[in-house]
Amino acid sequence: MEYYDLEQPDELSKKEKEDAMGAYLMMFAAIGAGLPLPIINLIASVIYYFVQKKNTRFVKFHSLQSLWSQIPTTLINAGAMYWTLQIFLFDNLEVSDMYYGYLVMLVILNLAYFAFSIVGAVKARNGKMYYFLFFGKICYHQVYQIRDETDNGSENVNLPPKL
């Protein structure tokens, strides 16, 4: 596999660095707007990724990494919200040690996610790559891998219906 060269900090414009940083900071703004609904963060990241998708690979990488890393956090936060609603609103479940353990894990996971996001935002603002555990490698492959582009122009796009 071949990859495009990574942009160096002095090759990036200030706007590209700020757009890449915005991918991580978008999460904090979305938390303020949608705290009771954890899915708001994920929706905001999806929108930000699609808006920045046509930008440089540096911005696309950070937007995609921010999006992928929000998925597990959003699912765990949604699980906590569902469990809490079942206990306190619908009286279907009781508060248990497992519930408290889940909340402790939830807080630790969210604090770790905030810390990694802040580090990612600072690194992106400085024009540097920062790879999250698990997601960094996936996003690097997806954004920087050179794909075979010989198929794009040589085949006919419009074809007759198959009979």
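Predicted model: local features only at pLDDT ≥ 70, side-chain atom pairs only at ≥ 80, totals over all residues.
Residues are numbered from 1 along each chain as its sequence is written, and side-chain values use heavy atoms, with hydrogens and water left out.

**Stop 1: helix α5**

Select residues 135-144, which make up α5 (helices are DSSP runs of H or I, at least four residues, numbered from the N terminus). Colour Phe135, Gly136, Cys139, Tyr140, Val143 and Tyr144: these are the buried ones (under 20% relative accessible area, 1.4 Å probe, protein chains only). Now look down the axis of α5: the buried residues fall within an arc of 130°, so they line one face of the helix (the arc is taken from the directions from the helix axis to the C-beta atoms).

**Stop 2: the largest cavity**

A search of the whole structure turns up two cavities of 30 Å³ or more. On a 1 Å grid over the protein atoms alone, a cavity is a set of points where a 1.4 Å probe fits but cannot get out, a pocket is an open set with protein on both sides within 12 Å along at least five of seven lines, and lining residues have an atom within 4 Å of a point. Volume is the space filled by probe spheres set on the points.

The largest cavity is about 50 Å³. Show Met27, Ile31, Asn41, Gln70, Thr73, Thr74, Asn77, Asn110, Tyr113 and Phe114 to see its lining. Helix α3 gives the largest share, four residues. By class, count four nonpolar, six polar and no charged residues (Tyr and Met go with the nonpolar set, Gly with the polar one; Asp, Glu, Lys and Arg are charged).

**Stop 3: the second largest cavity**

Next, select Ala23, Ser45, Tyr48, Tyr49, Ser63, Ser66 and Leu67, which line the second largest cavity. Both α2 (39-52) and α3 give two or more residues here. The space is about 30 Å³.

**Stop 4: the largest pocket**

Finish at the largest pocket, with about 270 Å³ of space. Its lining includes Ser69, Pro72, Leu109, Phe116, Phe132 and Phe135. Helix α4 (97-125) supplies the largest share, four residues. Nine lining residues are nonpolar, two are polar and none is charged.

Key
Buried < 20%, exposed > 50% of the residue type's maximum accessible area, 1.4 Å probe, protein only.
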